[in-house]
Amino acid sequence: MSSLEIDAVRKVWPGARGLETTAIEDASLRVSSGEFVAILGPSGCGKSTLLELCAGLEPLSGGRILIDGEPVTGPNPKVVMVFQEHSLFPWLTVEDNVIFGLRMKGMGIDERWRRGREVLERVRLVKFAKHYPHQLSGGMRQRVAIARALVGQPEFILMDEPFAALDFQTRVLMQQFLLEIWSGFQSTILFVTHQIDEAVLLADRVVVMSAAPGRVLEDVKIDLPRPRSMTDPAFNDYRMRLTAHMEREVMRAAEFQ
Ligand code: ADP
């Protein structure tokens, strides 16, 4: 079991000179074990904040978050987070970056190397195993970060626009890779994106957040078989429906500025 329950969550960020920002207000969402849920919303609506709260990186200002029924009070070893920007150790090679976390899990060296090689093959970076991060392009570094997150076959994967900086072809490959990992390991995924197509392509459900302070506005089940195609008319129906929600929220956000 690996379920996630976000219940009436509120987050207020402190600011300079006592000016606070209410990033999230009364957000509730349930993600069942093995489900792939995408969060869509206008910039600044609190999507990244919500992931940080789920990862236990920040305290809540109200409500509660439960992972497998247990309240989140700090980082949880079952949960990995992939950020928008890679966060690699510059002093380690690509391969050592990828297998770093496996050592913490007490895995033997042979198994660590085997898993590391396997996942590097999947992200097409085996040839760069002995390179250091500064010798790679930005997109390659992000692929290493994704490989590192997925190598341990995590139960929960929290992803904050992980493919935003990748070119179209690499993004398509990484999306396929992620879907394989998800179905192979039955991970539970919460995936933030601002791309409607990406959300419909990947997720079982797409949750639309309101403009700040973020709340859950819509929860749309994507009832399409996989593999999905962006040229499928049924795909387009979801695209239109979600675009309408997003447009409304963008207009609403503009009114408040
Ligand atoms: P999104 O991911 O939807 O673009 P964020 O969660 O990054 O939105 O931000 C939501 C709001 O919270 C914004 O107003 C942002 O400025 C604020 N915020 C985010 N992180 C912090 C932080 N560490 N300290 C103070 N304010 C923050």
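Me: In what order do the six strands of the open sheet stand?
Reply: The order is E6-E7-E8-E3-E9-E10, with mixed pairing; strands here are DSSP E runs of at least two residues, numbered from the N terminus. This is a predicted model, where local features need pLDDT of at least 70, side-chain atom pairs count only at pLDDT 80 or more, and totals for chains, interfaces and linings use all residues. Residues are numbered from 1 along each chain as its sequence is written, and side-chain values use heavy atoms, leaving out hydrogens and water.

Me: What makes E6 and E10 edge strands?
Reply: Strand E6 (79-82) and strand E10 (216-221) each have a single partner strand, so one side of each lacks a neighbour in the sheet.

Me: How do you know that E3 and E8 pair?
Reply: Pairing takes at least two DSSP bridges, and four bridges join E3 (residues 36-40) to E8 (residues 188-192), so they pair. These strands run parallel, and Phe36 has Ile189 in E8 as its bridge partner.

Me: Which residues of H4 meet H5?
Reply: Arg143, Ile146 and Leu150 in H4 have contacts (heavy atoms within 4.5 Å) with H5 residues including Met174, Phe177 and Phe185.
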